[in-house]
Amino acid sequence: MNYEIKNDKITMVVSSLGAEPQSLVFEGREYLWQGDKTYWFRRAPLLFPMIGPTRDNKISVDGVLYDMPNNGFARDTEFTFVENTGSSIVFELRDSEKSRKENYPFGFVLRVTYTLLDDGYEAKAEIKAKDDLWYTFGWHPAFSLDINGKGTELDTYSVHFSQKENLTKKTAVNGVFQYFPSFVDGDEFKLSRELTDFGAIILDNVKSREVTLTSSKGPHGVKADLGTMDTFTVWTCAPQHGQYVCLEPMVSFGDSARDLDIKKMNETRELKKGESVVYVNSFHVF
C-alpha cells in the first residue's frame, strides 16, 4: 500500500512493501526514478540485513545454512505501517517465524522513518536487537537523470565530495571484487556509461560527509548526507541504459568471496541483545 506525505514544496509517496519511496516531487519536478521494469523495477529500496552477494545466496549461522537474497530480504518484505504525521511517516519490520527459519535466525526490529525537509527528505533507520545479531544496512535510492531535461545523458553528470579524497574503487565482476586504487584522487569524478557498464562503483572509507550529483547540462542535482556511514556506492543498470543513477550511503558492501559465516564476515556489525543502533541520512534536491 502507498502512503503520501507532503509539505509546501515536496510530495513524497512511500510503499509499505520494503518501506520503499516511490516518488519525490520537489517544486513540481520528479526526482526519483519511476521503476521501469525494462531496466530496473525498483525505485529506492533499503538493504538489510545483508549488502552485496554471498556465495550461492547463502549465509551460515552456527553451522546452519540460510537463504540470503542479494542485498537482503527487507526490500521484498511488507512492513507494518506505524504512523503518518503528514510530514513524516514510520514503518516497522519485525522478525517472523518465516524469516528466522528461512533467512535470518535472529530476533530484530527495524523501524524506518522518512521525514520531509524543505529541500528533500531525511531517512532514519533504527535496528533493535532481540537476540545477539550480525547485520549490515544501507539506502539505495535511484534518482532520475531527467531532472535536467528528458533524455539528459548520464555522461553529463559528475559526483562531487565535500573534501578531497583518495579512494580505491571496488567493483564486483562475476560476484568477486576487483580493486582500482586512487580511482578518486581529489574531490570529484565524472560518470560515464563506459564506467557504470563495468559495474557498481563502491567506495569505502569515505571521509566526506556530503556527496553531490550535478550535471553540466542543467542546474538540478542531489546531495546525499552520509551521516555515520563511510561506504558510498554509485550504480545504474547495464547493459540497458536506464535514465537513473543510484546514490547509496551504506555501512558496508561485501562480495561472494567472503566467508559464509555471518559472524566472521568483515562487513557485518554486531549488536548485542537489547542494544540498538540508529542511522540517519538525508537527501537534498535542487
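Modeller: On a 1 Å grid over the protein atoms alone, a pocket is an open set of points with protein on both sides within 12 Å along at least five of seven lines, a cavity is a set of points where a 1.4 Å probe fits but cannot get out, and lining residues have an atom within 4 Å of a point. The model is predicted, so local features need pLDDT of at least 70 and side-chain atom pairs count only at pLDDT 80 or more, while totals for chains, interfaces and linings use all residues. Residues are numbered from 1 along each chain as its sequence is written, and side-chain values use heavy atoms, without hydrogens or water.

Colleague: Which residues line the largest cavity?

Modeller: The count comes to one cavity of 30 Å³ or more, and the largest has a volume of about 30 Å³. Its lining divides into seven nonpolar, no polar and no charged residues, where Ala, Val, Leu, Ile, Met, Phe, Trp, Tyr, Cys and Pro count as nonpolar, Asp, Glu, Lys and Arg as charged, and the others, Gly among them, as polar. The lining consists of Pro 21, Ala 44, Tyr 114, Tyr 121, Trp 139, Pro 141 and Phe 283.

Colleague: How many residues has the largest nonpolar core?

Modeller: A nonpolar core is a set of buried Ala, Val, Leu, Ile, Met, Phe, Trp, Tyr and Cys residues joined through side-chain atoms within 4.5 Å, and buried means under 20% relative accessible area with a 1.4 Å probe, protein chains only, against over 50% for exposed and partly exposed in between. In the largest core, Leu 46, Tyr 104, Leu 110 and Phe 137 have the most contacts inside it, and its residues number 74.

Colleague: How many places apart in sequence are the parts tied together by Trp 33 and Tyr 244?

Modeller: These rings form a tilted aromatic pair, 4.6 Å centre to centre with 40° between the planes, where pairing needs ring centres (for Trp, the six-membered ring) within 6.5 Å, and planes under 30 degrees apart count as stacked, over 60 as edge-to-face and the rest as tilted. Trp 33 is buried at 8%, and Tyr 244 is buried at 0%. Trp 33 lies in the loop between β4 (29-30) and β5 (46-47) and Tyr 244 in strand β21 (residues 244-250), so the pair ties together parts whose separation in sequence is 211 residues.

Note on methods. Points joined across faces, edges and corners; volume = space filled by probe spheres on them. Helix = DSSP H or I, 4+ residues; strand = E, 2+ residues; numbered from the N terminus.
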